[in-house]
Amino acid sequence: MTRLFSPLCWVGPPLSVWTTGQHNVHLQLTQGPYIPATAGDAARIPPAIAAYAIAAYTRPGGTVVDPDCGAGTVLVEALRAGRHAIGITGHHPWRLIARANVTAAKRDGAGSEGTVLDTPPDAGAMRRAGLAGRSDLLLTTWRPPPRSHAHRANELEGGTGTNAEEGAATDRLHALLARCQPLLRPGSHVIVVAPRHRTSRGALLDLPEHVVRAGRTVGLLPVERCVALLGELRGSRLVARASMARRRAVARHERILGKPVMLPAHQDVLIFQTPRQAAAAELSAPPPGPSPLHPPDRVLVSWRRAAA
């Protein structure tokens with residue numbers, strides 16, 4: 001379902017609603033070939049959200065890349081849908097769990113190929129392995145960076161840790177997108193899921209805006225913003241769900257702030273597209289002037305020309 005909303009909600013591409021919360025996340029994991037340790041990845045993409053994105057933006061036989069795959073829910077849902085899957089994570093425990101989940105999916109009947117790497121391959125390795133420009137979708141989630149002691153102290157003193165955390169998240173996402181973009185076909189899609197995330201003081205981070213900025217900076221074209229529901233739709237009423245850990249966290253924030261805190265009912269989904277060949281050539285040309293100070297502006301110009 002796609003509707004146009006007022007500029008107060010979203011300036012630019014239309015907003016879509018994904019009805020992906022009809023079953024709670026625990027049930028989604030138990031229905032799939034996931035090992036129990038998968039539940040320990042709190043920042044994972046829920047299987048229903050991954051399955052929806054893969055079905056909507058790829059075709060059977062295509063390739064899905066998750067450059068920060070964690071426990072591997074994106075990889076499993078890609079294999080179950082008949083797509084090939086490439087996962088990347090530098091976190092050794094998650095890499096073991098992701099590989100175990102890929103093996104479980106293969107044992108469950110998935111016939112496609114799945115692999116989990118510890119680092120993105122360089123350009124030469126991509127070409128030698130036949131991976132360069134072959135992937136149809138990059139699907140990943142924003143993962144909060146680990147908080148330093150300085151962040152926690154700043155938050156307690158004046159809330160300045162919020163800006164530092166947002167900046168660290170943007171830099172990390174920018175690096176992931178830049179390193180993995182050579183894997184994608186021209187015109188393929190990049191989808192970043194941004195969960196609702198609060199600091200230890202209860203401040204809500206403005207993640208969608210940072211995701212859009214990171215995507216534009218690496219030359220991606222923003223095409224749509226969606227919300228993926230975490231609760232069940234019963235007629236016109238949304239029934240929010242939350243785990244016991246989430247309820248405890250909300251209660252802690254309420255005690256700190258001295259006022260009610262709403263439970264999350266959705267995750268933001270930011271959808272980009274890689275430039276097609278004509279636009280890609282234009283983007284790769286050196287811009288006029290002494291230095292490329294404003295890459296987002298060049299991207300928007302190329303987007304408008306390509307649309308014309």
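**Salt bridges and a pocket in a predicted model**

Guide: Asp136 and Arg185 form a salt bridge, with their closest N and O atoms 2.8 Å apart. A salt bridge here is a side-chain nitrogen of Lys or Arg within 4 Å of a carboxyl oxygen of Asp or Glu. This is a predicted model, in which local features need pLDDT of at least 70 and side-chain atom pairs count only at pLDDT 80 or more, while totals for chains, interfaces and linings use all residues. Residues are numbered from 1 along each chain as its sequence is written, and side-chain values use heavy atoms, with hydrogens and water left out.

Visitor: Which strands hold Asp136 and Arg185?

Guide: Helices (H or I, at least four residues) and strands (E, at least two) are DSSP runs, numbered from the N terminus. Asp136 belongs to strand β6 (residues 135-141) and Arg185 to strand β7 (residues 184-194); the pair is 49 residues apart and links distant parts of the chain.

Visitor: Is Asp136 buried or exposed?

Guide: Buried means under 20% relative accessible area, exposed over 50%, and partly exposed in between (1.4 Å probe, protein chains only). Asp136 counts as buried, at 19% relative accessibility, whereas Arg185 counts as partly exposed, at 34%.

Visitor: How many residues apart are Glu209 and Arg213 in helix α8?

Guide: They are four residues apart in helix α8 (residues 207-217), and therefore separated by about one helical turn. The side chains of Glu209 and Arg213 meet in a salt bridge at 3.7 Å, N to O. Glu209 is partly exposed at 39% relative accessibility, and Arg213 is partly exposed at 40%.

Visitor: What does Asp268 pair with?

Guide: Asp268 forms a salt bridge with Arg225, the closest N and O atoms being 3.0 Å apart. Asp268 lies in strand β11 (residues 266-273) and Arg225 in strand β8 (residues 221-229), so the bridge ties together parts 43 residues apart in sequence. Both Asp268 and Arg225 are buried. Elsewhere, salt bridges that share partners join Asp41, Asp68, Arg143 and Arg172 into one network.

Visitor: How much space lies in the second largest pocket?

Guide: Rolling a probe the size of a water molecule over the atoms shows where empty space is left. On a 1 Å grid over the protein atoms alone, with a 1.4 Å probe, a pocket is an open set of points with protein on both sides within 12 Å along at least five of seven lines; lining residues have an atom within 4 Å of a point. The second largest pocket holds about 310 Å³. Of its 21 lining residues, the closest to the centre are Asp68, Thr89, His91, Arg143 and Arg172.

Notes: Grid points are joined across faces, edges and corners, and a volume is the space filled by probe spheres set on the points.
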